[in-house]
Amino acid sequence: MTGRARTVKGESVVGTELVVEVGAVAHGGVCVARHEGRAVFVRHTLPGERVRIRVTEGGTEDRFWRADAVAVLTPSPARVEPPCPWSGPGRCGGCDWQHVLLPAQRSLKAAVVSEQLKRLAGLDVAVTVEPVVGDVDGLDWRTRVTYAVDAGGRAGLRQHRSHEVVPIDFCRIAHPEVRAARVEDGQWPGAETVEVVAANTGERQVIVDGEIVEGRAHVAEEAAGRTWRVSGGGFWQVHPGAANTLVNAVLDGVSARPGERAMDLYCGVGLFAGALADVVGPTGSVFGVEGSRQAVADARRNLHDVPWVRLATGRVDRVLSSAGPAGVPDAADIVVLDPPREGAKSAVVRRIVARRPRVVAYVACDPAALARDLATFAGHGYRLTSLRAFDLFPMTHHVECVAIVEPDRPS
């Protein structure tokens, strides 16, 4: 095992095979088994199964091991034959739940979100993971795919927790327009990565090591009643139904009104800022913050017709601090934040609550980071009032949440 494998403590047990009873699902596309009191995080299995596992990481003195299920002795009723032949031990690591019925995948994700909220934030929340339009049986949805290139110049996808490249015929979760680029059939000598972007307007980009070799410098995406310019390699949700789904969930959650002051943190190319601006109108205001200069340039272009939107470039914690640029609002009625996978963290949460918003909409791609930040909000007098979860990443363990947070004592 190469890449992200951790340092082994004691004598390595990699390759050891055992028969175990599989317990509950855990965060990260694994289930938990026990061997002589030690937790073993097992991929390619389901709760309640009896399986033969092969250890992929661990030593005799480690607190836990990682393993693959290499034979299923007692299968779960939710088990199916994976639709992708590249899914399984030692193969592509991109999908975690190819072997699971789609409704059961969503139940597993809901259990993980609930467990993370309970363990890290002390919250008992019933979670339902909602499907969204734009995929077929959990396939054909991913509109942005980054392929790795092996030493022979062939594109593929990486093994789980490894730098090893698995050459494939095509990716089953990739959108048809991504597959039409036929990256897997080509030769890419000297390249490290090949990214394909398929916009919902029909435009396509192929980007090799950051350089666009097919398509324009930007693509146009349509969502929330607008056309959005997204420069090559810039962030946009990868599921075709994601942008509208998230905008609708945020607007439903915050119930914005004309004249209100809103903030859009980690605003990207301006998706939530634009949606909020349409509601608060010219008597209101929207202040967006984003670290990527190119994304802010795109956002200015996208929202040039809405003068009550102002944008700032920089790290969110620094922009919101007293040392930030002049004109940063010191109060807000509504805050929307869509942070990276590691979450907003305590400094940003503190600076949000200091502005005493009446409501916060937190868009989260990692339930553990969300739970930690919700615990910080609670410590400052803000509580979770609703949560929706969406299956924006079928066949994988990832899930997107929209949490609505409000003060315990509304001002």
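**Ground rules.** I number residues from 1 along each chain as its sequence is written, and I leave out hydrogens and water, with side-chain values using heavy atoms. As the model is predicted, local features need pLDDT of at least 70 and side-chain atom pairs count only at pLDDT 80 or more, while totals for chains, interfaces and linings use all residues.

Entry 1: I took helices (H or I, at least four residues) and strands (E, at least two) as DSSP runs, numbered from the N terminus. Two strands pair if DSSP finds at least two bridges between them. I looked up S1 and found that it runs antiparallel to S2 (residues 30-35), with three bridges. Val-22 sits across from Ala-33 of S2. Three residues separate the strands of this S1-S2 hairpin, and Gly-28 in the turn has a positive phi of about 110°.

Next I went on to S3 (residues 38-43), which is antiparallel to S2 and joined to it by five bridges. Ala-33 turns up again here, with Val-40 as its bridge partner in S3.

**Entry 2: cavities.** I worked on a 1 Å grid over the protein atoms alone: a cavity is a set of points where a 1.4 Å probe fits but cannot get out, and a pocket is an open set with protein on both sides within 12 Å along at least five of seven lines. Lining residues have an atom within 4 Å of a point. Points are joined across faces, edges and corners, and a volume is the space filled by probe spheres set on them.

I get two cavities of 30 Å³ or more. I sorted residues by class: Ala, Val, Leu, Ile, Met, Phe, Trp, Tyr, Cys and Pro as nonpolar, Asp, Glu, Lys and Arg as charged, the others, Gly among them, as polar. The largest cavity's lining then has seven nonpolar, five polar and two charged residues.

The second largest cavity holds about 30 Å³. Its lining includes Pro-339, Pro-340, Tyr-362 and Asp-366. Strand S19 (359-364) and helix H8 (367-379) each supply at least two of the lining residues.

**Entry 3: a pocket.** I put the second largest pocket at about 320 Å³. Of its 16 lining residues, Arg-79, Pro-82, Ser-87, Gly-88 and Pro-89 lie nearest the centre.

**Entry 4: helix H5.** I call a residue buried under 20% relative accessible area, exposed over 50% and partly exposed in between (1.4 Å probe, protein chains only). In H5 (residues 293-302), the buried ones are Ala-295, Val-296, Asp-298, Ala-299 and Asn-302. Down the axis they fall within an arc of 160°, so they line one face of the helix; the arc is that of the directions from the helix axis to the C-beta atoms. I checked the cover by contacts (heavy atoms within 4.5 Å). It includes strands S14 (226-231), S16 (285-290) and S17 (309-313).

**Entry 5: Thr-143.** I found Thr-143 in the loop between strand S6 (129-130) and strand S7 (144-149). Its relative accessibility is 6%, so Thr-143 counts as buried. Leaving aside residues up to four places away in sequence, its contacts include His-175, Val-178, Gln-237 and Pro-240.
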